[in-house]
Amino acid sequence: MPKILVIDDDPDFLLAVRMVLEAHDFEMEAATTAEEGIDKVLSTEPDLVILDIMLPTGYEGFDVAREIREKHKLIDLPIFMLTSIHGTKKVPYRFAPDEHYLPVDVFLDKPIEPDQLVDTIQEMLGERREEPEHPL
Amino acid sequence: MEKADIIVVGGSAAGLTAGITARRHYPDKEILLVRREKQVLIPCGIPYIFGTVGSPQKDLVGDAVLEKNNIKLLLAEATDIDRERKILHTTEGDVGYERLIIATGSRPAMPPIPGFDLDGVYAVVKDVEYLSGLQQRLETVKDVVVIGGGFIGIELGDEINKVGDKTVTIVEILPHCLALAYDEEFCIEMERVLEDRGINIRTSSKVEKIAGDGKVEKVVLSDGGEIKADVVILGIGAVANVDLAQRAGLRIGLTGSIAVDRTMQTSDENIYACGDCAEKISFFGGRPSPLKLASIATLEARIAGANLFGIRRENIGTVGVWSTAVGDTALATAGLTEGMARERGYDAVAATIAGPNRHPGLMPGAANTRVKLVFERNSGVILGGQVMGGPAAGEIINAISACVQNRMTAEDIAMFQTGTHPALTASPIAYHMVNAAEMAIQQMRERGG
């Protein structure tokens, strides 16, 4: 059963996601701060991380993504950034996955339909599974 | 409630072309174009607002083409779609549809570099008012830093550098500007052209932060270097605008763009998407392609607009063809570079030929032109090409793109029946594409033994 770690400080969102994920045979871990998130990335070894940007004190989600990739070198851990930052900040630009500045695999805005959430996770995990262990 | 057979949401390159195409293919249908902007910018012309063209007001798409094609215009924001009842909700009321095309374009990407929200940090937002504000700001400043050395970045940098007494620096994280589109030798030459025009280039440089007290003062690089800055402009790419599609529950792909099939149909059989908002696949291998160009958008619009009431066209994937120009030097690319081809696992053969594009080379308008073609060794099929030279590079690359799209071989290209003229083209003896193909064939033979 794939394990999904959700790092988000909104308890309602965590509850809603848990219901969807568990209904689709995923195991879910939750963290509500950047520190707890990093701890659980290391201790629970999730198959995929869903990561918010605006955690309790600012834009910590950006730092969490960088820390996962740069400090802990978890280059293959799929990170799905799911956030309402664009709706909240009303900025004319968009944040997006960037190899150098925002090392996440997928970036989508909240709210997200349950089907889209599950499809995206399955696709992200599926892509990884299909990759041959060794180059052919 | 108003109703139209076809509604197109979005009025830029994709939306407009989708409307025109729908009119050509379905002359009896009522077509409505819904867009929120009073004035639509020509997206590729944006860098030239700051120099050659002079203002956003001189870089606009006219509305006459709508009238000419009998397309009604509604200035409103599309807020949601009732897919079951086939109704588009807008800020000016509801409109029913039979088929809907979403062409909501893209927004500029902003990397979350610390300091991105300081006063004086701009993105390339396709909005007349925003760009007018940036233009006014530029009139009062001295030091400008452009982050991103892709084609938008270098065109912006060069245009800003043309006006007034400014110090312009382009910061690129990769080893060369334009490195995602051209082989190294072309990038180095274009960097030299930019530097000769007074632009500072900092490559292999990651931006650590944009610093200032409320207002931007400098850009700090990860190697500790600092660049004074009154204005910082981010030119690092674009992100699909999927707000409407997502609200309507349409499927969004892993790239964050609207998922479409080869007919440009979304997950709803009555809704199509095209342009920057729609997901793209590469012509080479079929993986998702990050390219967003107006020329790709209009191709997709010609597919979507034609397929609304029955499949007539399919998308073969994005070849990736585009040009840029700095002063008199044009640089153009189609398909894979030699480096990209090797990275993807192709056994690539490349051949480069240079010479004047007139004959004799003393004819007026002659410019040294360099053409590089890349082929797959075993099949001889062309994978891509690059051209550097005068303005004709922009058209030569389109001929190369046609070869790529049709999977022509080096032998096909060597056997081209070309028309040449002293005042217009290279000599028939030294015609670039033909000779590059001949050189590649020779290499393939030598290897084959």
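**Exercise: E3(A) and its neighbours.** Determine in which sense E3(A) and strand E4 (residues 79–83) of chain A pair, and over how many bridges.

*Solution.* E3(A) and E4(A) pair in the parallel sense, with three bridges between them, where strands (E, at least two residues) and helices (H or I, at least four) are DSSP runs numbered from the N terminus, and two strands pair if DSSP finds at least two bridges between them. The structure is a predicted model, in which local features need pLDDT of at least 70 and side-chain atom pairs count only at pLDDT 80 or more, while totals for chains, interfaces and linings use all residues. Residues are numbered from 1 along each chain as its sequence is written, and chains are lettered from A and ligands numbered from 1 in the order in which they are written.

Next, take the residue pair: A:Leu51 has A:Met81 in E4(A) as its bridge partner. To get from E3(A) to E4(A), the chain passes through helix H3 (residues 60–71) of chain A, and this β-α-β crossover is right-handed; that is, with the strands pointing away from the viewer, the path from the first strand over the helix to the second runs clockwise.

Then turn to strand E1 (residues 3–7) of chain A, which runs parallel to E3(A) and is joined to it by four bridges. Here A:Val6 stands opposite A:Ile50 in E3(A).

Finally, consider the side chains. In a regular strand they alternate between the two faces of the sheet. In strand E3 (residues 48–51) of chain A, A:Leu48 and A:Ile50 point one way, A:Val49 and A:Leu51 point the other way, and all are buried (20 or more other C-beta atoms lie within 10 Å of the residue's own; 12 or fewer make it exposed, and values in between partly exposed, with C-beta atoms placed from the backbone).

**Exercise: E1(A) and E2(A).** Find how many residues of E1(A) are buried, and which residue of E2(A) stands opposite A:Ile4.

*Solution.* E1(A) is mostly covered, since four of its five residues are buried. Strand E2 (residues 27–31) of chain A pairs with E1(A) in the parallel sense over five bridges, and A:Met28 is the residue opposite A:Ile4.

**Exercise: chain A as a whole.** State the order of the elements of chain A from the N terminus on, and explain how its radius of gyration relates to the globule rule.

*Solution.* Chain A has five helices and five strands, and from the N terminus on the elements run β-α-β-α-β-α-β-α-β-α. The radius of gyration, taken over C-alpha atoms, is 14 Å, close to the 14 Å that the globule rule gives for 136 residues, so chain A is as compact as a globular protein of that length; the rule is 2.2 Å times the number of residues to the power 0.38. Buried residues make up 35% of the 136 residues.

The mean pLDDT (the predictor's confidence in each residue, from 0 to 100) is 90 for chain A, and 93% of its residues reach 70 or more. Over residues 128–136, however, the pLDDT is below 50, and beyond near neighbours in sequence this stretch has one contact in the model (a contact requires that C-beta atoms, placed from the backbone, lie within 7 Å).

Exercise: Identify which residue a cis peptide bond joins to A:Pro111, and decide whether A:Lys73 is buried or exposed.

*Solution.* The cis peptide bond joins A:Lys110 and A:Pro111, with omega about -5°, and A:Pro111 is placed in the loop between strand E5 (106–109) and helix H5 (114–130) of chain A. A:Lys73, in the loop between H3 and E4 of chain A, has a phi near 55°, a positive value in a residue other than glycine. With 9 other C-beta atoms within 10 Å, A:Lys73 is exposed.

In chain B, B:His359 and B:Pro360 are likewise joined by a cis peptide bond, with omega about -5°. B:Lys86, found in the loop between strand E6 (78–82) and strand E7 (87–90) of chain B, has a phi near 55°, and its 18 C-beta neighbours inside 10 Å make it partly exposed.

Conventions
Two residues are in contact if their C-beta atoms, placed from the backbone, lie within 7 Å.
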